[in-house]
Amino acid sequence: MKQEKINRNYEIARERFAELGIDTETAISALQKLSLSLHCWQTDDVSGFENPDGSLSGGIQATGNYPGKARNIDEVRADIEKVNTLIPGNHRLSLHAIYGDFKGKKVDRNEIEPEHFQSWIDWAKLNNMKLDFNSTSFSHSKSGNLSLSNRDKGIRDFWIEHTIRSRRIADEMGRQLKSKACHNLWIHDGSKDITVDRYLYRSLLKDSLDKIFENKFTNVKDAVECKLFGTGLESFTVGSHEFYMGYAMKNGLMATLDMGHFHPTEETYDKISSLLLFSPEIMLHVSRPVRWDSDHVVILNDSVQMLAQEIIWANALERVNVGLDYFDASINRIGAYVIGIRATQKAFLQALLTPIKKLREYEASEQGFERLALLEESKTLPWNDVYNYFCMLNNVPVAEDYISEVEKYEKEVTSKR
Ligand SMILES: C[C@H](O)[C@H](O)[C@@H](O)C(=O)CO
Ligand SMILES: [Mn+2]
């Protein structure tokens, strides 16, 4: 798109929003400050470098076989660097423990150290990114169906050790990069069929968590992620929403809300205000469940738009750590990142550009028709011209121009893998 046209459209949009009492410049600077936490695992279908040819376990699945997945640390980095050239803003990178720089050595999960992630910290500095971290309970010979809630103390201790080490690594990342790292704990623990000892497993998990969180780390923001069920573990999930919400609120941790981790008609956006009333910060995994926790690429749908609205309208942008979590192996993986990141930003921009003051006046005076009408009208206000202008300001491709860039990278790089 030509610069002149982008500027012209932006001017028209700016005037239109001004008529509704909205300042587009304020919205643009808020969006500029929004740092999303990009998940490294879309590059390689959650394979990691520990045992890249092993199978993905823990009830999660990356479906599809599109060529060009990243096969090693250099390729993961190259792909993220490419993504960064196609998206506006400065973002964080979220790593899983299986993405350490192990240099071909066998380093078991209970042996990981900050040194295995030092090259990531150096890379992040060079690339103007901050880091977040996740312990990894899946895809390991000791994963089974139960890790931190296993009856076997030996297995529990192994995963406790792993998770404490993961938090220490996050602390080092936060310290060196001068930005607290979110450490997200998600475990797959559950059961395929009915269990008759839910209380036992949950008390074992609680006990493991108490040990894991015994020490506070200054440069870490701890989060715990619940889930409804995993494939092959359909009847029971130890770390349910109620379990982690209780644990997080009692112990001053963040709850992570993954959009794919609830009942199909249960929406994440409705949980935001409740959690923010009881917790200083929360974490999100923006995703797109299609019939189950399928981790489809995020698009600009009602769920994401309403999620962004809830955050903006609660004036809570600084209290919500927005991470992405999806892994689609059926399309170009770089393109998958760009679509999802841009869709998330667009949702936030749209929310920032909604005439909330007027909408609230209507609501307060019980003018339901007027509220609904203005809500509908705001959906088609020229917010996309503001987004295009935002892309131009950030020197990244505007609108569909990124498609050919992704195709070029595929031709020159990923298709040769
Ligand atoms: C790989 C991720 O940590 C994982 O997707 C987790 O966050 C999750 O959402 C599991 O369903
Ligand atoms: Mn998740």
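How do the residues of the lining of the second largest cavity divide into nonpolar, polar and charged? They divide into 3 nonpolar, 4 polar and 1 charged, where Ala, Val, Leu, Ile, Met, Phe, Trp, Tyr, Cys and Pro count as nonpolar, Asp, Glu, Lys and Arg as charged, and the others, Gly among them, as polar.

## Basis of the description

This is a predicted model, in which local features need pLDDT of at least 70 and side-chain atom pairs count only at pLDDT 80 or more, while totals for chains, interfaces and linings use all residues. Residues are numbered from 1 along each chain as its sequence is written, and side-chain values use heavy atoms, without hydrogens and water.

Beyond its neighbours within four places in sequence, L209 is in contact (heavy atoms within 4.5 Å) with L148, L185, F243, Y244 and Y247.

## Cavities

There are 4 cavities of 30 Å³ or more. A cavity is a set of points on a 1 Å grid over the protein atoms alone where a 1.4 Å probe fits but cannot get out, and lining residues have an atom within 4 Å of a point. Points are joined across faces, edges and corners, and a volume is the space filled by probe spheres set on them.

The largest cavity has a volume of about 160 Å³. Its lining comprises 18 residues, with I60, H96, W186, E225 and D325 nearest the centre; by class, 6 are nonpolar, 6 polar and 6 charged. The second largest cavity holds about 50 Å³ and is lined by G58, W186, I187, H188, K227, F229, G230 and T237.

Definitions and conventions
Chains are lettered from A and ligands numbered from 1 in the order in which they are written. On a 1 Å grid over the protein atoms alone, a cavity is a set of points where a 1.4 Å probe fits but cannot get out, and a pocket is an open set with protein on both sides within 12 Å along at least five of seven lines; lining residues have an atom within 4 Å of a point.
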